[in-house]
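Here's a quick briefing to read with the model open beside you.

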Amino acid sequence: MKVILACGGTGGHIYPAVAIANTIKAHNPQSQILFVGSSRGIENDIVKKAGYKITHIDMYGLNRKNPFANIKTAYYFLASRKKARNLIESFKPDFVIGTGGYQCYPPLYAAAKAGVPCAVHESNSIPGVAVRMVEKHVDRIYTNFPDIEKKLSCSEKVMRVGNPLISENIVKAESSVRKKLDIPSNIKYVVLSFGGSRGASPINEHVIDFLGKYAPSHKDTLFVHATGKVGYNTFSEKAKENGTATLPNVRIFDYIYNMPLWEAVADIVICRAGAMTISEMALGEKACIFIPSPYVAENHQYKNAKVLADADAAILIEEKELSAERLEKSFKDIRFGKDTAKIMTENIKKFAVRGAAEAIFKDMQELMSRELLSLIKREDEKE
């Protein structure tokens, strides 16, 4: 079995592709898997560390601020189609899957034109540009959020599978985990906050103010915050200034390497609203305060979080409205509001879909079998 996985740009596109690749390998160890991405993207490190080969087809998005820059975009667009066609002819895949980013388009379009079964996965609550470009050409559109088919012209191709995660083994918040994290017995509540792997300065700025006002008077609550490596020194200095650096119920990290453990014990999580993060929070049934990044394509994090907020499954605070006071109010609403935490965790659980990669693998088999039967039928008709 030979499969091409096209992805790029962000971890939210790359990690689901790796999860699919791992599932294919688990079922068929002899499978040949080739990733397609950008020569300049983080997918190179992630894919290689996962043990897979990657080749490059560079693409650029439209530059709405500088139309002249789109000359380069047009060139790469045309060149990418030829490269993708050559790749399909040389690698001869049995299936091609795209999981987001502009790199998806060339291999999926070339595969469709060559009659190779193909599919695209959309992890966000709205279809991205790449998905809209290929939806008429692919055989299947895998989705994460419910009701996304209403936003697509080829809704009959939609199959909701969830978001493929590298690991769905959610750590349970048992006493052994609390002991491993050295959480004192007097701590009754845990608040975990972070702004992504690299951190987010607006979140750092308001979280430190929130801690200064709230942490000293709530010694039964442990506040754990990851600043990102760039923001660590600034955050630490402010923590010294407002006195939270020495508080036993405040822990500051530049990066949390054992994040699954902290997610397990957290009662409230304050974080961004990428599709991967939301999937993890839904599986863990966490009460969340989402602060979407406004710097992503089509403002998709806001739209992700809005879906959950409208379902009473999370609290949404836009970055432009973020303040220590808003964080404090949201925190109190969850912790002290009557049944608020229970309602949120029950509702966010409804967005959890387990076994996404397995569902995709099973559907791949069916689509390939259907294509094989179609080929046999065409050969019979010739005779």
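## Aromatic core and its surroundings

Phenylalanine 223 and phenylalanine 331 are both buried, where buried means under 20% relative accessible area, exposed means over 50% and partly exposed is in between, using a 1.4 Å probe and protein chains only. This is a predicted model, in which local features need pLDDT of at least 70, side-chain atom pairs count only at pLDDT 80 or more, and totals for chains, interfaces and linings use all residues. Residues are numbered from 1 along each chain as its sequence is written, and side-chain values use heavy atoms, with hydrogens and water left out.

**Ring pairs**

- There are twelve aromatic pairs in the structure; rings of Phe, Tyr and Trp (its six-membered ring) pair if their centres lie within 6.5 Å, with planes under 30 degrees apart counted as stacked, over 60 as edge-to-face and the rest as tilted.
- Phenylalanine 210 and phenylalanine 223 make an edge-to-face pair, because their ring centres are 5.8 Å apart and their planes sit at 80°.
- Phenylalanine 210 belongs to helix α7 (residues 201-214) and phenylalanine 223 to strand β9 (residues 221-226), so this pair ties together parts 13 residues apart in sequence. Helices (H or I, at least four residues) and strands (E, at least two) are DSSP runs, numbered from the N terminus.
- Phenylalanine 210 is buried, at a relative accessible area of 2%, and phenylalanine 223 is buried with a relative accessible area of 2%.
- Phenylalanine 223 also pairs with phenylalanine 331: the centres are 6.1 Å apart and the planes at 50°, so this one counts as tilted.
- With phenylalanine 223 in strand β9 and phenylalanine 331 in helix α12, the pair ties together parts that are 108 residues apart in sequence.

**Charges over rings**

- Arginine 335 has its charged end over the ring of tyrosine 189, 4.5 Å from the centre. For a charge to sit over a ring, NZ of Lys or CZ of Arg must be within 6 Å of the ring centre and within 35 degrees of the ring normal.
- Lysine 2 lies over the face of phenylalanine 91, at 4.8 Å from the ring centre.

- The 14 residues of α7 should span 20 Å at 1.5 Å a residue, and the end C-alpha atoms are 20 Å apart, which agrees. The expected span is 1.5 Å times one less than the number of residues in the helix.
- Buried residues of α7 include Pro202, His206, Phe210, Leu211 and Tyr214.
- They pack against β8 (189-194), β9, α8 (232-241), β10 (250-253) and α12, where contact means heavy atoms within 4.5 Å.
- In α12, Ala324, Leu327, Ser330, Phe331, Ile334 and Arg335 are the buried residues.
- Looking down the axis of α12, those buried residues fall within an arc of 130°, so they line one face of the helix; the arc is that of the directions from the helix axis to the C-beta atoms.

- Met344, Thr345, Asn347 and Ile348 are buried in helix α13 (residues 340-349).
- The buried residues of α13 fall within an arc of 165° seen down its axis, so they line one face of the helix.
- Their cover includes α10 (275-284), β12 (287-290), α11 (300-310), β13 (315-316) and α12 (324-336).
- Alanine 313 sits in the loop between α11 and β13 and is buried, with a relative accessible area of 0%.
- Leaving out residues up to four places away in sequence, alanine 313 touches Leu308, Met344, Asn347, Ile348 and Phe351.

**Threonine 23**

- Threonine 23 is in helix α1 (residues 11-27) and counts as buried at 12% relative accessibility.
- Beyond residues up to four places away in sequence, threonine 23 touches Ala357, Glu358 and Phe361.

**Positive phi outside glycine**

- Lysine 92 is not a glycine, yet has a positive phi of about 55°. Lysine 92 lies in the loop between α3 (70-91) and β4 (95-98) and is exposed, with a relative accessible area of 56%.
- Asparagine 299 also has a positive phi, near 50°. Asparagine 299 is in the loop between β12 and α11 and is partly exposed at 30% relative accessible area.
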